[in-house]
Amino acid sequence: MTPTLELFLVVSAALFSIGLLAALSRRHAIFILIGIEMMLAAANLNFIAFWRFNPQSQQPIGVMIAIFSIAIAAAEAAVGLALVIAVYRHYRTTNVDQLDQLKG
Amino acid sequence: MNRWIIDYLWLICAVPFAASLVILSLPNDRHKSAATLAVAGQIAALAMSFFAFLPTLQTHGFRAVRNFTWFTFGDQALRLGWLLDPLAAVMLMMIALVGLCIFVFSTGYMAGDKNFVRFFAYLSFFSGAMLGLVISNSLLLLFICWELVGLASYLLIGFWIERPSAAAAAKKAFVTTRIGDMGFFIGLLWLYGRSGTLLFYDRGNGCLESAGLAMLGASAAFIALLIFCGAVGKSGQFPLHVWLPDAMEGPTPVSALIHAATMVAAGVFLVARVYPLFSLGAINGVTPSLTVVVWIGVTTALMAALIAMAQADIKRILAYSTVSQLGLMMVSLGVGGVAAGMMHLLAHGFFKALLFLGAGSVIHGCHGAQDIRKMGGLRRLMPITFSTYAIGMMALSGVPLFFSGGWTKEEILQVTAHWPASHVPYSLLLAGIILTAFYMTRQMIYVFFGHRRSASQHAHESPRVMTMPLIALAICAILFSIVLTPAWPWLHDFLTGSPARFEIARLIQPALFLSLVLVGAGVALGICIYRNAGSQVRDRSAEIDPLQFAQPELFRFLENKMWIDELYARTVISFSWMSARLFDWMDRNFWDRLVRGVGAIGQLFGTFTASVDERGINVGVDETTIGTRGLGRLLSAAHSGQVQTYLGIIAIGMLALLLFYAWLA
């Protein structure tokens, strides 16, 4: 079976949905971060897939964008984890249900 | 069969990885299935290693390579691959076999630990990463496995995470090796920039083949030294050896795995693998990079042997002996004896695993005590542990004729003696061999002879599942010497790719008598000094080491590991602290003030516009505000403060947009 663009898009959509589900349903802040990372990975997969199936895929634009996005994702994860630690120090919990100080 | 195993060589490392993943997904109380899976994965790896070993026997200097493209990047293709040659084949056999013994031992040693399942998952992961490291045909793939090995060691050293000392030791191991890896990575990039490939062998175009080497020119020495930085970190060479003794905080089987089969072997293996880089442009077998390797090795070997003399923790003594033996291997590689160094690495893998597992058995029997001054008299209580430990001790000391360590040490002495650059390393190695025999004798006397002391009162022999691996490894440590003797130097010729010939006359060599005298001197010295160490059971003076009694200052210096940790704490670590403080201060006092200054300008504008607002625009707005407030109260109900609710609304909005576009199309 040759991999088609549709296959990649389906996989990426699945990955995105799983990530979204994780981000929506988990209570622990770190798992939410992991879910967000999965959504990012899905977006990267789309970049690569569209680039790869483009007839003029000589220039490595898709890979470049994906690599940049991975680097940014790494930075985002670092900031996110630092936030989790800061939140934990302040509220003594990482359960996002209990973090409702922004309630209107 | 031969073709099949070469085509699917990657399975050797994939199977333990897969086992590790499956174990990781098991529930926490499935001890039996976790152990079964891990051991089964290791047996499969051993069987495949054996089949991979067979084709290398058939032709001399066998080398099979399979390369594939990982990804293309513009017109550059990044290629990885695996490689089977005698060096990889013997390493595979050793890692898989020693690993299997350690896995079996662990099922007994870790029984009752609440994180048993996690332990076996990490253990399989460790073994898989190391097996992948030895078969990789690309420096990049090797580097990836190298880092995985580092990660696995971090997880396992800090396995008892609730102990602060274990967590600190894991962090120390990780950060210290990372310093070396930084050098390794720079070397890797430099090599890629110069030669355009990271494949070792690629039909004449690899970076270790003549065409690739020719492109390097004078930079080869620097690249080799940068790669050596990685080996220094991983193999615990001076000055990055500090993590290895602290790694004793992990469970004992982990120490055995780190010190015998995986981790530290990786550094020596790396140097052996990229040896053409080191020896490029050698004059008389000497290059600047190899000279550095020799001196680092000899410093490490002697320094660690000296420190080992004054340690009291049974595992720490073994840890320093590992550091010292690794130094010996580095010397051997540096003076041109690649085969001798690798032979010592393999022999060391067997007997050091034996010693560590023996130490684990002793600790298990003494209910967790590790101080050798509190043991004693275990010879009668733990006969199997004692006899296997004695075999390991004699192999490590290098007793000639019957023990594998003796032959390999002789081999190393011979190549070092013929090093044209200097004779100092040779004489220092001789001193190192005496010291090794000495401190191992000291440890034996303290642990197994004399009267029982506080920790060994209720000692008992370990269960079968723990003594069986000991016996197996002891047999390996002795039988392995068959392929090492100068009369039939099969392993040596196998590694160098020439046919072995049997010649009994070569058995008797000057080096044989030399090492007999050296080991004899070390053991005799040990017995002389520690003869009475274990006999006065109630006498308080038995707690004081005779060496400490004679030379208290020197002993303190050695006992505290030559103050190297303290030196690092004062220099590198405090520098890092200082810079952190400096940046903190900058943040608080400089950047913060800058930001506040900008803020003040904003405030000024704000006050200005506020006064305009108050007087000018306020009137009509007030009315609007009252209406807005009502609306706001209505909307604020939607703001639950729950971040996930917001996220859900965003997701629904996105879905709606998507449907809208679908409808448009």
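The structure is a predicted model, and every value below was computed from it. Chain A is built from three helices and zero strands, whereas chain B has 27 helices and two strands. The two chains touch through 12 residues of chain B and 14 residues of chain A.

**Chain A as a whole**

- Followed along the sequence, chain A shows the pattern α-α-α, and its radius of gyration of 17 Å is well over the 13 Å that the globule rule gives for 104 residues, so chain A is more spread out than a compact globule.
- The C-alpha trace of chain A spans about 55 × 25 × 25 Å when it is laid along its principal axes.
- Of the 104 residues in chain A, 12% are buried.
- Among the contacts in chain A with a separation of 6 or more, 49% are between residues 24 or more positions apart.

**Helix α2 of chain A**

- Helix α2 of chain A covers residues 29-53, and its 25 residues should span 36 Å at 1.5 Å a residue, which agrees with the 36 Å found between its end C-alpha atoms.
- The buried residues in α2(A) are Ala29(A), Ile32(A), Gly35(A), Ala42(A), Asn44(A), Asn46(A) and Ala49(A), and these buried residues pack against α1 (5-25) and α3 (61-91) of chain A.

**Arg92 of chain A**

- Arg92(A) lies in the segment after α3 of chain A, and its phi is positive, at about 60°, although Arg92(A) is not a glycine.

**Chain B as a whole**

- Along its principal axes, the C-alpha trace of chain B spans about 110 × 70 × 50 Å.
- Buried residues account for 49% of the 665 residues in chain B.
- Of the contacts in chain B with a separation of 6 or more, 79% come from residues 24 or more positions apart.

**Helix α3 of chain B**

- Helix α3 of chain B, residues 31-58, has 28 residues and reaches 42 Å from its first C-alpha to its last, which is close to the 40 Å expected at 1.5 Å a residue.
- The buried residues of α3(B) include Ala34(B), Leu37(B), Val39(B), Gln42(B), Met48(B) and Thr56(B).
- The elements of chain B that cover these buried residues include the helices α1 (2-7), α2 (11-24), α4 (86-109) and α5 (116-135), together with the strand β2 (76-84).

**The pair of helices α15 and α16 in chain B**

- Two packed helices are described by the angle between their axes and the distance between the axes.
- For helix α15 (residues 314-334) and helix α16 (residues 338-365) of chain B, the axes come within 9 Å and cross at roughly 175°; since an angle over 145 degrees counts as roughly antiparallel, α15(B) is roughly antiparallel to α16(B).
- On the α15(B) side, the residues in contact include Ile314(B), Leu318(B), Gln325(B) and Leu333(B), and on the α16(B) side they include His344(B), Leu345(B), Phe356(B) and Ile363(B).
- Sorted by class, the contact of α15(B) with α16(B) has 13 nonpolar, six polar and two charged residues.

**Ile314 of chain B**

- Ile314(B) belongs to helix α15 of chain B, and it is buried because 26 other C-beta atoms lie within 10 Å, where 20 or more are needed.
- Leaving aside residues up to four places away in sequence, Ile314(B) touches Ala359(B), Val362(B), Ile363(B), Gln370(B), Ile372(B), Gln443(B) and Val447(B).
- Gly281(B), by contrast, is 33 residues from Ile314(B) in sequence and 44 Å from it in space, C-alpha to C-alpha.

**A cis peptide bond in chain B**

- The peptide bond from Phe238(B) to Pro239(B) is cis, with omega near 5°, and Pro239(B) sits in the loop between α9 (219-234) and α10 (243-246) of chain B.

**Where the chains meet**

- The contact between the chains joins 12 residues of chain B with 14 residues of chain A, and helix α27 (residues 643-664) of chain B gives the largest share of the chain B side, five residues.
- By class, the side of chain B that touches chain A has four nonpolar, eight polar and no charged residues.

Methods:
Residues numbered from 1 in each chain as written. Chains lettered and ligands numbered in written order. Predicted model: local features only at pLDDT ≥ 70, side-chain atom pairs only at ≥ 80, totals over all residues. Axes fitted to C-alpha atoms, helices over the stretch in contact; angles between N-to-C directions. Helix = DSSP H or I, 4+ residues; strand = E, 2+ residues; numbered from the N terminus. Parallel < 35°, antiparallel > 145°, perpendicular 65-115°, else oblique. Contact = placed C-beta atoms within 7 Å. Nonpolar A, V, L, I, M, F, W, Y, C, P; charged D, E, K, R; others polar. Expected span 1.5 Å × (residues − 1). Rg over C-alpha atoms; globule rule 2.2 N^0.38 Å.
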